[in-house]
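Morning, everyone. Please have a look at the model first.

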Amino acid sequence: MGTSRTGAAGATSRIHVSRTGRSASAPRTGLKAPLSVLQPLPLNEILLGDCIANLEKLPPESVDVVFADPPYNLQLEQALTRPDQSLVDAVDDDWDKFASFADYDAFTRAWLLAVRRVMKKNATLWVIGSYHNIFRVGTALQDLNFWVLNDIVWRKANPMPNFRGRRFTNAHETMIWASKSAEAKNYTFHYEALKAANEDVQMRSDWFIPICTGEERLKDGAGRKVHPTQKPEALLARVLLSSSNPGDVVLDPFFGSGTTGAVAKKLGRNFIGLERDPTYAKAARARIDAVVPLSDASIAAPPEKRAEVRVPFLSLIESGHVAAGETLVDERRRFQATVRADGSLALGAIIGSIHKIGALTQGLPACNGWTFWHVERKGKLVSIDEFRAKVRATLTA
Ligand SMILES: C[S@@+](CC[C@H](N)C(=O)[O-])C[C@H]1O[C@@H](n2cnc3c(N)ncnc32)[C@H](O)[C@@H]1O
């Protein structure tokens, strides 16, 4: 315990624990001598050793997204017991122990800087943590000029109870999602796909996902957990589906049981895993080797709205989906406007686009007319966006 981790401490052997996945690079296996720059990238490999030392060997601007689950610095003063005095299987491992907050902060800044160097210009970084460490990590991120895009609350469907009853049940962890700087605007975010996956409602920043249990939880021969903080694959899947594309390089500097690698492989992404503990690295390698990737069709990057064929509202009239003279209403029938033959809308004497009239009726500066306006069909309201999709399908068929 208490070893100083303020830098690239510890010996760093480069162990390529055999490779799987979709890398185009030559296969690597076995032990190799440390190189100053690993070229080509060690795709779909786990590098054993201190993450900072290994990060320094990766080429600059080489990864698309980073998922980091660093030590929590739990500072457990004594073994955690239940009221019946049975021992709680808590995180009391050496890798989670730091001599002081200052020590932890120095370590955090060192790995964040090392990660930043290998991130491509538009790459993003996810860091997960609990109240023990996430505020310190957040401060470091902002001090180092990263730009926070969101903090996501992972609400655990089945949290561990608070055994002593002296505090609220700790039922969530926080993920900070950040870009390299405020100027990095073209980062990957599959807004439309996430919305479609969420019953056409914008995906929110609170995610309700169970902790990792059952079949998914890695166990050793004696039935003990292989890793104390194995994250659920569903969490990583949402992270990677939202912020990366098939073929991207996903880096995890605190690889543990390899959840990031397993999900990356399943979703057709490449990974680079860094882990200091050989037992975890070995378990992660076996786990990932057993993963069967999903079909290309099921993981293809979703088309972004911007890339889709533009459909003018007039096309809905021309194709007979909406009639000139018909009334459009909003979802709650509070506002209405009349469709004109030229594809504009009339609101009394005011004439304008579906967007402009939608905004005007509500007294708002802007409005997406496609999702705002509806027509009545067989007693039910239908969004004109549905007709747009039908017209678009005929244009792209
Ligand atoms: C919170 S766990 C990550 C768990 C992982 N996300 C999973 O799903 O299994 C942190 C991991 O980082 C590793 N670790 C801690 N300090 C490290 C360092 N300096 N370099 C490399 N790995 C480190 C630990 O051994 C541990 O496995």
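A salt bridge here is a side-chain nitrogen of Lys or Arg within 4 Å of a carboxyl oxygen of Asp or Glu. This is a predicted model, so local features need pLDDT of at least 70, side-chain atom pairs count only at pLDDT 80 or more, and totals for chains, interfaces and linings use all residues. Residues are numbered from 1 along each chain as its sequence is written, and side-chain values use heavy atoms, with hydrogens and water left out.

By this rule we get 16 salt bridges. Take Glu376 and Arg333. Their closest N and O atoms are 2.9 Å apart. Glu376 sits in strand 15 (residues 374-377), and Arg333 in the loop between strand 11 (327-329) and strand 12 (336-339), so the pair ties together parts 43 residues apart in sequence. Helices (H or I, at least four residues) and strands (E, at least two) are DSSP runs, numbered from the N terminus.

Now accessibility. Buried means under 20% relative accessible area, exposed over 50%, partly exposed in between (1.4 Å probe, protein chains only). Glu376 is partly exposed at 43%. Arg333 is partly exposed too, at 46%.

Elsewhere, shared partners join Glu233, Lys266 and Arg287 into one salt-bridge network.

Next, Arg285 and Asp289. Closest N and O atoms: 3.3 Å apart. The two residues are four apart in helix 7 (residues 278-289), so about one helical turn separates them. Arg285 is buried, at 4%. Asp289 is partly exposed, at 36%.

Last pair: Asp330 bridges to Arg334, with closest N and O atoms 3.2 Å apart. Is Asp330 buried or exposed? Buried, at 1% relative accessibility. Arg334 is partly exposed, at 48%.
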